[in-house]
Amino acid sequence: MMLKLSDLSEGFDVVYELSVLTVGRRQHEAFLKTLYALKFEHVVRVEAEEDKDIRFCPEIIADLAAGYITDTSPQDVVIMGVQSSEGSNGKTPLLLAEELGWPCITEVTALEPVDEGHLKVTSEEDGHTAVQVVGVPCVLAVGNAPSSYLRVPTLKDKMKLGKKPIEHIVPNWDQLLEKERDVELTELAAVEERRDAVVIEGDTPEEKARQLYESYLKGRLEKI
Amino acid sequence: MAIISREQIVEGLVGILGSEQVITDEQVLKESSLDRYRKYEQVCEVYTQPIPAAVVYVKSAEEVSEVLKFADDNEINVVPRTGQSAIEGGLETALKDSVVIDGSTMNKVIKVDEYNMQVTCQCGVPLQELDDMLRERGYTTGHSPQSKPLAQMGGLVATRSIGQFSTLYGGIEDMIVGMEAVFPNGKICRIKNVPRRAAGPDIRHIICGNEGALCYITEVTLKLFKWQPDNNRYIGYMLDDEHMKLGFDCLREVMVEGYKPSFARLYDAADAQQHFSAWLPEGKAILIWMAEGPANITPAIEAGIKEMMSKHPELEEVDPKLIEKWYGGLNWGPEQIAEEKEEIKATQNIGITTEVSGSWDNIYDIYKTACDRIMEEVPDMTLMGGHSSHSYINGTNMYFVYYYNIVDCAPEEEINKYHDRINEIICEQVIKYGGSIVHHHGLGKARAKYVTEEYGSSYYMLKTLKQAFDPNGIMNMGTLIPLRK
């Protein structure tokens, strides 16, 4: 989404400098180098300690991101993902926005530049699509955006740009975890999701298709 | 090219098969004009090949015979197909007003003969369904290509397919027993099911690998093997990418010592990252074996391979559970193809493969020089690598895997700018070093232009077969033997 925004900025007289920040372990660096090859200017890894599980600590992640933005590298727009495979809690963008005192839009599906101080943001809200022009700075949390595949850098760009060293931040974990003590994770349970299913019985595919049409599709098609 | 009009072709086919089996829907016809060799054209829904006059669904060898006689009399090019998983242009309708003969509705398993350990099925039986059914009974065909969720028996035999467990079971040519096929003049021929015979040449090989250019396969009998997955043993080692030559030598060592693992693979670092990036460090190649079979044999194969590999300090053993996990997700079905289509649309990045073979003394040179030349000569490459996945006593294959971004290029031009250029470099290097330009996907139309270099003086035999069995030139023209410009 950031790369698309950057592409679209041509002709708007707006120049975006793209930075990426992640809190993670060394194994994530191979992926981060790909972002250099895709022409991100700054790629930063906050070093997560191997023995500390921070997947369920959105307050700490928000704190680290806010620290980077206020103390190291001021940003106009922060775009955050919400679909990590584990620890996806949806809280981090909101906590970060609160800490920075910036507005936050969630479920963002598209972005377009307007001018140096504004963006056109498309987001999903209660089954509707909202298109808003918002002033920067702001925090945007990506929702179910179409075509969310990351583009692929060429091997030549990887060789040329991928060797740039990743910037590292080593936080004071003891201090951060101390702050976290007010919140204690006491239970974590997976949400059981089930769907009803009907097995269509029939001797031939034709018979099954007919049953599907009669019992399920016909009524719906008639309403269209 | 047909001597009757498009309308007369359809009329004639309806007369033979009835209108329900003759499809003339425009979209179906367009989609039937190509295969996954023109993947980018497929994704963009741009069709550059002549659109066929009809797709016909056949239900018996007799119907195939009638359709072929009609085509032969009227010089209509026909393209035989079953599971549509071809990726070398074999299903392209290269001539105007072609007819695609689809055997996917001939999908009956005729006989599972557990005593004689063989199974007979019609050409449209999907391999996945067949093998799943057999495994429930404790058997397997031993054939497991990546296209297993899509491929059907006729196409598998027509292209001389090979599966992931080939080092133990062999290619499809080692599994076939007897067959039934229909020739362009309508003649239905059956080759009986016997364990072996020495009554002249092995005529099964006129059918196996004919790629629809000589005859239409309607029935196949394959050998059965016992399915004993509980005995499987997995073995894996990582090594630096710069030691790829050693990797090939390790594959050779296992084969030469007489071990028969069911798969034996060597991935270079670039390709390995596509499969094992969750735990394999960047820059590492990987060697993998699986032992399959009776409980007292697989531990012996495992121990033997481990003993040999322990002598190579460059190798670092990996947890066999990681190999077992990878093994569970190897195949490609319709879901993966649909997802790939979306990904290509979104990123304009496309991945293709080309498979070749070579002897132990030239496979590394083929691999290295082809990769180097492609990186040097083709723009916008995003991945260039490959793996060896089928080994023999005298050599192995190389499965080149390459991805590139499609930049400033119309869908119609992509094949010339990238895919054909890469294929050309690979074929040139293979021919230069003395390998084969096709290991198991078939020549199709994509590589037919190199057929004379591939065959050398034996091209006479292939050409004579074509002239003898298809004198009017109606069988999948442009496949095996290129069209005259």
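How many bridges join strand β16 of chain B to β19(B), and do the two run parallel or antiparallel? Please go on from there to the neighbours of β19(B).

A: Keep in mind that this is a predicted model. Eleven bridges join the two strands, and they run antiparallel. β16 of chain B covers residues 349-359. One pairing to look for is B:N349, whose bridge partner in β19(B) is B:N405.

Now take β19 itself, residues 395-405 of chain B. Ten of its eleven residues are buried, so the strand is largely enclosed by the rest of the structure. Buried here means that 20 or more other C-beta atoms lie within 10 Å of a residue's own.

β19(B) has other strand partners too. Strand β17, residues 381-388 of chain B, pairs with β19(B) over six bridges. The sense is again antiparallel. Look for B:M381, which stands opposite B:Y404.

Then comes β18, residues 391-392 of chain B. Two bridges join β18 to β19(B), and these strands also run antiparallel. Here B:S391 has B:T396 as its bridge partner. β18(B) and β19(B) form a hairpin, with two residues between them.

Next, a helix. The buried residues of α16(B) include B:I415, B:Y418, B:I422, B:I426 and B:V430. An α-helix has 3.6 residues a turn, so residues three or four places apart point the same way.

α16 itself runs over residues 411-433 of chain B, 23 residues in total. From first C-alpha to last, the helix reaches 33 Å, close to the 33 Å expected at 1.5 Å a residue. There is a bend of about 35° at B:D420. After the helix comes B:G434, with a positive phi near 90°.

Last, the contact between the chains. Chain B puts in 13 residues and chain A eight. On the side of chain B that touches chain A, the elements giving two or more residues are α14 (334-347), β17 and β19 of chain B. β17(B) gives the most, with four residues. By type, the residues on this side of chain B are six nonpolar, four polar and three charged.

To return to the strand: β19(B) pairs with β16, with β17 and with β18.

Notes
Residues are numbered from 1 along each chain as its sequence is written. Chains are lettered from A and ligands numbered from 1 in the order in which they are written. This is a predicted model: local features need pLDDT of at least 70, side-chain atom pairs count only at pLDDT 80 or more; totals for chains, interfaces and linings use all residues. A residue is buried if 20 or more other C-beta atoms lie within 10 Å of its own, exposed if 12 or fewer, and partly exposed in between; C-beta atoms are placed from the backbone. Two strands pair if DSSP finds at least two bridges between them. Two residues are in contact if their C-beta atoms, placed from the backbone, lie within 7 Å. Ala, Val, Leu, Ile, Met, Phe, Trp, Tyr, Cys and Pro count as nonpolar, Asp, Glu, Lys and Arg as charged, and the others, Gly among them, as polar. The expected span of a helix is 1.5 Å times one less than its number of residues. The bend at a residue is the angle between axes fitted to the seven residues ending there and the seven starting there.
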